[in-house]
Amino acid sequence: MKMNKRKKNNLENENVKCKMNIKLTDEISLLIEPNGKKAKYIFKRNGNEYFENYGEKPSSLTIKTNIGKEIVKSLDPENELKKEILIKRFDEFKENAQKLFEKNIKTEKLNKENEKKRKKESLELKKTEAGNFYKDIDMPLIWIKSLIGWLTAGEEINILQSFLAYCCQVIFGLPISIIYVGDGSTGKDHIKKTAFTMIPEYFIIMEKLVSEAAIFRRSQQNPYFYDGKIVDYGDLGGENSHEETENSKALMKELQSDAYLNKPILVQFEGEWIPRDLELIGKPALTYTTVPNYCFDDQDKSRSIFISPRIDNQQSFEKRYRILGFKGETFNKLKMYQNEVKKIKDIVCHLRDIFRTPEGDMKIEIINPYIEVIMDMFKDSPTFKRDISKYENILKVICALNYYKKTVYEHNGRKVIYVSLEDLQLFLSLLNENIDGIKLNISPKALNILKDLQNNFDVWVNNGNIAEEGFTVADYHELGSIKLQKRSIYTYFKELRDLGSIKINHKEGPLNFYVLSDDVDFEQNTLDFNDIDREEIISEAGEEIKEFLDEDSPIDGLNINNHHDDIEVPPWN
């Protein structure tokens, strides 16, 4: 089948969205799409796809391949051409198709480069606009927390803490894993997803029950695939989900610690299992939701922070749900504030550019002269080394968010800013509710139950609700102010038993009767900001820090629970 000039010109000019359609007959057309170094062939009859296959580039096609046979049906529909004539026409087709295929590849490459350039220019503009907007905001962390109040009913602190931990990865490349723990339908996923609305999508990878084989394929595409990313494993609802992801979670934890992973695994290739090296480079941060009855290992506890949904916010939730359902004035205000929240992603990218080079090196270092305060907070924690690092990094994110209030100093040839007492006040008030649980290395809900028991055990005994010999899981389920499923209470009781704060006094059949052990002393977190070794700091950090320390002072009444003047208080708060 010879192609006339008009058809050939149409063929060469037709390049819509980097796709070329070749008209084989009045009814049949062929679309050839580049697919890596090969091609995807889509045959259409009257515009409707009827055959699709992947194969070599057009110049390498033969009549005997499935694709070649399908082309021949159009070149010789009546099967009446001599073999040499058919081969000649087939070669003509391949020659023309190959020219267009090569042109198409170049056009596709150019389009990708242009699109990449356009996106980069758009992102740079958005980051610049975000920076100009952000530098004029007073108390930016309070502003962010106040905006979050419009997105939730009572979960502002949990969402804000999640956001700050994720920012450790995005801004500094310092991963902190977050595990959300709670009974079903308590709002774990809501906290995570709301925090994600303030993190640029580029840094989030969704992985659902990912296998070693899938991770291997990722490593073949790009060994840096997980570097600097927040890897979301979704909902690991129980033991089965954890078992299915145990190997891949172990890989992520090793990669998070060492920034390099090389492991021999067996992969299937052409029907046979062959050994291959799984190699990954970089540091991911892992996050997922789960239920309380899973037993976390020491690595999970030391690398992660645990966040549990509140269970005392039902009235606030119901009021928010009811008011927004009317689609009235408050609903319109919510839409307005949701648009404000969208700016936070660009602000995060803007701050990343301020503190890091495109290669990931730090342009501005953050020095914390109040590190002794952090060390004193976690001195009794069984995982104090990692706790100090995790929570100081969150403090440094707070400092970074306050960047436009900072003076940039020169120190040993490097640009630095210092953590201030204002940053520290916000940090301490953020952790205020859960600091005791962090020190004891128990989950937030276990801490809540322990404090509830300490406050009410004697009252229950005096009222005759329980005997002095102890209380059961069923007793607490009925009397406790922390309303949970019995299975979850049993899990948290086990945490408290391992801690030594409750113990089994006696048993009656299958029932355990618990009593409080020696009280765990919850110290009042009154920290002396001046209890630092100024001489040591000045000798190490230089004389310029002396002026900073002399001028630095706490702000009266500053607390993360303050509301920003520029944001209206939601009616459900």
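**Cysteines, charges and turns**

Colleague: Happy to start inside: is Cys-168 buried or exposed?

Modeller: Buried means under 20% relative accessible area, exposed over 50%, and partly exposed lies in between, using a 1.4 Å probe and protein chains only. Cys-168 has a relative accessible area of 0%, so this cysteine is buried.

Colleague: What should I keep in mind about the model?

Modeller: This is a predicted model, where local features need pLDDT of at least 70 and side-chain atom pairs pLDDT 80 or more, while totals for chains, interfaces and linings use all residues. Residues are numbered from 1 along each chain as its sequence is written, and side-chain values use heavy atoms, leaving out hydrogens and water.

Colleague: Good to know. How many disulfides does the count come to?

Modeller: A disulfide here is a pair of cysteine sulfur atoms within 2.5 Å. By that rule the count is zero. Cys-168 is in no disulfide, and its nearest cysteine sulfur, that of Cys-167, is 7.6 Å away. The sulfur of Cys-399 is 12 Å from the closest one, in Cys-168, which is too far for a bond, so the count stays at zero.

Colleague: On to charges: how far apart are the closest N and O atoms of Asp-436 and Lys-451?

Modeller: These two form a salt bridge, meaning a side-chain nitrogen of Lys or Arg within 4 Å of a carboxyl oxygen of Asp or Glu. The pair links distant parts of the chain, with Asp-436 in helix H15 and Lys-451 in helix H16, 15 residues apart. Helices are DSSP runs of H or I with at least four residues, and strands are E runs of at least two, numbered from the N terminus. The closest N and O atoms are 3.1 Å apart.

Colleague: By about how much of the helix are Asp-189 and Lys-192 separated?

Modeller: Asp-189 and Lys-192 form a salt bridge, their closest N and O atoms being 3.4 Å apart. Because they are three residues apart in helix H6, the separation is about one helical turn.

Colleague: One last thing: is Asn-46 buried or exposed?

Modeller: Asn-46 sits in the loop between strand E3 (38-45) and strand E4 (48-55). Its phi is near 55°, a positive value in a residue other than glycine. With 55% relative accessibility, Asn-46 counts as exposed.
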